[in-house]
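Work through the exercises below with the sequence and the structure in view. Try each task before reading its solution.

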Amino acid sequence: MKKVLLKYGGLGVAVMVLFFSMEFLITSFSEMDMSTQELIGYLGIFVSLIFVFFGVRSYRDQHLNGSISFGKALWVGVLIALIPAIAFGIYNVIYMLYINPDFIDQYYSAMYADLANNYSGEELIQKQKEMESSKEMFSSPVLNFFLMTFTVLIIGFIISVISALILRKKDHNSQLNAQNS
């Protein structure tokens with residue numbers, strides 16, 4: 001199982017790195033708003049987690065003679081997803097600390113601008129205070145690591161459930177023995 005986890009988890013990490021490197025290059029040479037960057041980020045996460053499906057299928061076909069239970073498929077999928085999830089958490093910390101140390105300020109400036117477009121008066125002041133407290137929290141590299149890792153893992157869990165539902169197959173010998181009894 002270890003080879004399958006490392007292969008497909010590693011492919012997920014490779015796609016994620018490629019995706020975020022391309023996004024970083026594009027945003028370095030052009031102005032892209034935060035919501036577009038966020039959308040591209042989630043797309044990159046989703047594309048990198050497609051390897052969960054292929055990893056579960058590979059494990060089922062090459063190691064379990066074409067049959068896998070829902071629970072086993074889910075477990076394999078989550079373990080595969082854990083690899084890109086941790087890699088994304090690490091990448092995010094490196095990005096925040098070394099690649100773009102102004103990211104949090106840039107992100108929250110864009111969020112404040114959105115708030116100003118949608119709220120006014122006392123409601124705007126309240127929303128800004130809420131954002132200010134979350135800004136302090138998300139500025140912590142440790143918290144950011146866990147938040148980003150957990151975010152990718154949640155998406156990976158959903159993809160693992162879908163993959164397990166699609167790929168589960170009972171062992172034909174077990175089915176024949178049950179029918180003959």
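**Exercise 1.** In this predicted model, find how far helix α1 reaches from its first C-alpha to its last, and compare the span with the expected one.

*Solution.* Helix α1 covers residues 2-29, which is 28 residues. The expected span is 1.5 Å times one less than the number of residues. That gives 40 Å, and the helix reaches 40 Å, close to expectation.

**Exercise 2.** Which residues of α1 are buried, and against which helices do they pack?

*Solution.* Start with the cut-off: buried means under 20% relative accessible area. The buried residues of α1 are Val-4, Leu-5, Tyr-8, Gly-9, Gly-12, Val-15, Met-16, Phe-19, Phe-20 and Glu-23. Next, look at their partners: these residues pack against α2 (34-49), α3 (51-63), α4 (70-99) and α7 (141-167).

**Exercise 3.** Which members of the largest nonpolar core touch the most other members?

*Solution.* The core has 24 residues, and those touching the most other members are Ile-45, Leu-49, Val-52, Val-56, Ile-80, Phe-88 and Val-152. At least two core residues come from each of α1, α2, α3, α4 and α7. The largest share, 8 residues, is supplied by α4. Now take Val-152: beyond its neighbours within four places in sequence, Val-152 contacts Met-16, Ile-45, Leu-49, Pro-84, Ala-85 and Phe-88. Another core, of 10 residues, lies apart from this one and includes Ile-104, Tyr-112, Leu-115 and Met-131.

**Exercise 4.** Is Gln-126 buried, partly exposed or exposed?

*Solution.* First locate Gln-126: the residue lies in helix α6 (residues 121-138). Gln-126 has 41% relative accessibility, so Gln-126 counts as partly exposed.

Notes:
Residues numbered from 1 in each chain as written. Predicted model: local features only at pLDDT ≥ 70, side-chain atom pairs only at ≥ 80, totals over all residues. Heavy atoms only, no water. Helix = DSSP H or I, 4+ residues; strand = E, 2+ residues; numbered from the N terminus. Buried < 20%, exposed > 50% of the residue type's maximum accessible area, 1.4 Å probe, protein only. Contact = heavy atoms within 4.5 Å. Core = buried A, V, L, I, M, F, W, Y, C linked by side-chain atoms within 4.5 Å.
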